[in-house]
Structure formats: C-alpha cells, structure tokens
Amino acid sequence: YKLLDYFGEETVKRILLGEGFDEEEARYVWEWVGGVPWELAEVVEAKRRGRLKEAVRELYVASLGRLKDAKSRWIKEGRWEAVREVLARTLGGADIEELGERRDVVEELVDAEILFYDPLAGEVRPHTKLIERAIREVLG
C-alpha cells in the first residue's frame, strides 16, 4: 500500500477559500477531486488562469482514459470479469477479507493506483474521487 497525505474536506475547503475560490467552487472541487495534493495544486493553478472546470474535466478524462486502457488490456487477457467484480465490490469500500479469493487482482489494482488499501482499517476503496467516478463510468 502507499500511504499518501490526502487532505480532508475541511482542510481542502480552507486551502481553496484561501486561494480565492468561492464556496461553490470549493465544494465542486471537493466533490470531484477530493484531497489529493498534486491534483489540488493543478486545480489552484488552473483557477488562476480562469480554467477551473476545464482542469477538473481534464483530470477526470485522464483518470478515465487510464482505466479504459487497462480495461482493454484486461479484456484481451481474459481477466475483465475478475477485475470488474473487484472494482464493483470496492466502490463503497470493502473489507480486504471479503476479497480474499481475488487478492491477486486487488494487489494489481493497488499497485496501479486504481484502488487504495488501508492495512490499518483492512479496507480497500478507489484510490481517488476521480478514479471512483471513472470506475463507475467504466462499469456502466
């Protein structure tokens, strides 16, 4: 697993408001991007250039494209159904013990930073809010 310093909602909103975002913009960024520091830095810079919504959309499209590329590979390898099952089961967060028979798939998805494994809580969930949205779209 990779422990990253993601910011919580209140911290994100405080940072964004301090950077000149209004409440609606801060809420929009939280709902789409969450607390990923490098993505937030990109969004703050985009706001300065008047491209906030475009930047959030570009971040989402990049996440979606990465997932679609991986899906094509998994289909060719005959592994899509196993991956699809794990993705669907982890959307709201899943206990690692419930995924025991698919542990190899979970490890691959964690290594690819599609899923995040929190060993302290024993939980597996989408790595970021953008990835979670992309998973929902890819699963249909």
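**Helix packing in a predicted model**

**View 1. Packing of helix α1 on helix α2.** Helix α1 (residues 9–18) packs with helix α2 (residues 23–32) at an angle of about 135 degrees, their axes lying 9 Å apart (axes are lines fitted to C-alpha atoms over the stretch in contact, with angles from 0 to 180 degrees between N-to-C directions; helices are DSSP runs of H or I of at least four residues, numbered from the N terminus). This angle makes α1 oblique to α2, oblique being what remains after under 35 degrees (roughly parallel), over 145 (roughly antiparallel) and 65 to 115 (roughly perpendicular). The model is predicted: local features need pLDDT of at least 70 and side-chain atom pairs pLDDT 80 or more, whereas totals for chains, interfaces and linings use all residues. Residues are numbered from 1 along each chain as its sequence is written, and side-chain values use heavy atoms, without hydrogens and water.

**View 2. Residues joining α1 and α2.** The crossing of α1 and α2 is right-handed (the near helix is turned clockwise from the far one by less than a right angle; anticlockwise is left-handed). Glu9, Val12, Lys13, Leu16 and Leu17 of α1 make the contact with Glu23, Ala26, Arg27, Val29 and Trp30 of α2 (contact: heavy atoms within 4.5 Å). By class, this contact of α1 with α2 has 6 nonpolar, no polar and 4 charged residues.

**View 3. Packing of helix α5 on helix α7.** Helix α5 (residues 80–90) and helix α7 (residues 129–139) meet at an angle of about 130 degrees, with axes 11 Å apart. That angle makes α5 oblique to α7. The crossing of α5 and α7 is left-handed. Trp80, Arg84, Leu87 and Ala88 of α5 form the contact with Ile135, Val138 and Leu139 of α7.

Note on methods. Helix = DSSP H or I, 4+ residues; strand = E, 2+ residues; numbered from the N terminus. Nonpolar A, V, L, I, M, F, W, Y, C, P; charged D, E, K, R; others polar.
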